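Subject: Structure handover

Hello,

Here is the structure for you to look over. My notes follow below it.

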Amino acid sequence: MSASIADLEAAVRGVNDPEYPISVVDMGLIRGLAVERDTARVRLTYTSMGCPCKEMIADDVRDALLAVDGVERVEVEEVYEPWTHRDLTPRARRT
């Protein structure tokens, strides 16, 4: 059985930005999730182009998605869409 988008979102919601105790979902770093058969695809941005935690975040997201039942492969696409504080969810703003 294939994983759902809700399964993927729940998995990456458990990944925190290393610099803040806030989920990458609530930070607005996840720009897209998709699943096709056993492959999860994620579009990921960062708070800055020079983010020193890029590899750590991508690895943590990849590991979280690989832990989802039905996901055997993960493709991470780094997108450089400008990030601003407006990308924070209300939950992140309360943290």
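Contact here means heavy atoms within 4.5 Å. Residues 24 or more positions apart account for 62% of the contacts with a separation of 6 or more.

How to read the numbers: this is a predicted model, where local features need pLDDT of at least 70, side-chain atom pairs count only at pLDDT 80 or more, and totals for chains, interfaces and linings use all residues. Residues are numbered from 1 along each chain as its sequence is written, and side-chain values use heavy atoms, with hydrogens and water left out.

Overall build

The protein has four helices and three strands. Both are DSSP runs numbered from the N terminus: helices are H or I with at least four residues, strands are E with at least two. From the N terminus, the order is α-α-β-β-α-β-α. The radius of gyration is 13 Å, close to the 12 Å that the globule rule gives for 95 residues, so the protein is as compact as a globular protein of that length. That radius is taken over C-alpha atoms, and the rule is 2.2 Å times the number of residues to the power 0.38. Along the principal axes, the C-alpha atoms fill a box of roughly 35 × 25 × 20 Å.

The accessible surface comes to about 5500 Å². Carbon and sulfur atoms hold 50% of that surface. Areas come from the Shrake-Rupley method with a 1.4 Å probe; for residues, only the protein chains shown count as cover. Of the 95 residues, 37% are buried. Buried means under 20% relative accessible area, exposed means over 50%, and partly exposed lies in between (1.4 Å probe, protein chains only).

The core

The largest nonpolar core has 27 residues. Such a core is a set of buried Ala, Val, Leu, Ile, Met, Phe, Trp, Tyr and Cys residues joined through side-chain atoms within 4.5 Å. Ile30, Ile57, Val61 and Leu65 have the most contacts inside this core. At least two core residues come from each of α1 (5-13), α2 (24-27), β2 (39-44) and α3 (54-66). Helix α3 gives the most, with five residues.

Take Ile57 as a way in. Beyond its neighbours within four places in sequence, Ile57 is in contact with Asp17, Pro18, Val24, Leu29, Leu44, Tyr46 and Cys51.

Salt bridges

How many salt bridges does the structure hold? There are 12. A salt bridge is a side-chain nitrogen of Lys or Arg within 4 Å of a carboxyl oxygen of Asp or Glu.

- Asp26 and Arg13 pair at 3.0 Å, N to O. They link distant parts of the chain, with Asp26 in helix α2 and Arg13 in helix α1, 13 residues apart. Asp26 is buried because its relative accessibility is 5%. Arg13, at 26%, is partly exposed.
- Arg62 and Asp59 meet at 3.1 Å, N to O. Both lie in helix α3, three residues apart, about one turn of the helix. Arg62 is partly exposed at 28% relative accessibility, and Asp59 is partly exposed at 38%.
- Arg37 pairs with Glu36, with the closest N and O atoms 3.6 Å apart. Arg37 counts as exposed at 65% relative accessibility, whereas Glu36 is partly exposed at 39%.

There is also a network of salt bridges, which links Arg31, Arg43, Glu77, Glu81 and Asp87.

Thr39 lies in strand β2. Is Thr39 buried or exposed? Thr39 is buried, because its relative accessibility is 5%. Leaving aside neighbours within four places in sequence, Thr39 is in contact with Ala34, Arg73 and Glu75. Gly70 is 31 residues away along the chain, and the C-alpha atoms of Thr39 and Gly70 are separated by 8.4 Å.

Ile22 sits in the loop between α1 and α2. Ile22 counts as buried, at 11% relative accessibility. Not counting residues up to four places away in sequence, Ile22 touches Val15, Asn16, Asp17, Met27, Ala92 and Thr95. The C-alpha atoms of Ile22 and Arg93 are separated by 9.5 Å, and the two residues are 71 apart along the chain.

Best wishes
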